[in-house]
Amino acid sequence: MPQLFNDLLDKLQKSIHDGWTGVKEAILSLNPIPEPIRPILSSRYFWFVVWIAAFSTLGRNLFGGRVGNWIGLSVGGGVWYWIMPHSGPELPILIIVLIASPILGAWLNHTKLGRLVRGTKICPDCAEEVKVKAKVCKYCSYRFVIVS
Ligand SMILES: [Zn+2]
């Protein structure tokens, strides 16, 4: 009797296993992801970028602006390091970006290139930054001579 029971159990386990394998293969064959994209999706770097983007969005929503972005990237990188201690070059690159971006941002704040990106100009009277299209300075009411 116990032998019969064991045989039955074996059969049951085998059918569940085979059934599961069949279900898994059916799901894989239905895979809507095209073949050329699959290596990208299985790449750790792709998921690192997605991960980091999610954290920077979260940081921007919680703390706002560039600072929130920076906080989000730092926390995201830290959590990534925590769950993937043997990660490759992605973290050193992120750390370089995290150090360089505030420096670059601060530098852009005081350069002509930065003003070009922001679409602003400097008022010759009060030295404040105003929009390029402004005809009157919002700080000192200086009237710009629009050459056109
Ligand atoms: Zn002004």
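## A pair within helix 1

Asp18 counts as partly exposed, at 39% relative accessibility. This comes from a predicted model. The side chain of Asp18 meets that of Lys14 in a salt bridge, at 3.0 Å from N to O. Lys14 counts as exposed, with 52% relative accessibility. That value passes the cut-off, because exposed means over 50%.

Both residues belong to helix 1, which covers residues 2-29. Asp18 and Lys14 are four residues apart, or about one turn of the helix.

## A pair between helices 3 and 5

The structure holds three salt bridges. Another of them joins the side chains of Arg44 and Glu90, at 3.1 Å from N to O. This pair links distant parts of the chain. Arg44 lies in helix 3 (residues 44-63), and Glu90 lies in helix 5 (residues 90-109). They are 46 residues apart.

Glu90 is buried, at 4% relative accessibility.

## A pair between helix 6 and strand 2

Which side chain meets that of Arg118 in a salt bridge? The partner is Glu129, at 3.0 Å from N to O. This pair, too, links distant parts of the chain. Arg118 sits in helix 6 (residues 112-118). Glu129 sits in strand 2 (residues 129-131).

Arg118 counts as partly exposed, at 32% relative accessibility. Glu129 also counts as partly exposed, at 26%.

Conventions:
Residues are numbered from 1 along each chain as its sequence is written. This is a predicted model: local features need pLDDT of at least 70, side-chain atom pairs count only at pLDDT 80 or more; totals for chains, interfaces and linings use all residues. Side-chain values use heavy atoms; hydrogens and water are left out. A salt bridge is a side-chain nitrogen of Lys or Arg within 4 Å of a carboxyl oxygen of Asp or Glu. Helices (H or I, at least four residues) and strands (E, at least two) are DSSP runs, numbered from the N terminus. Buried means under 20% relative accessible area, exposed over 50%, partly exposed in between (1.4 Å probe, protein chains only).
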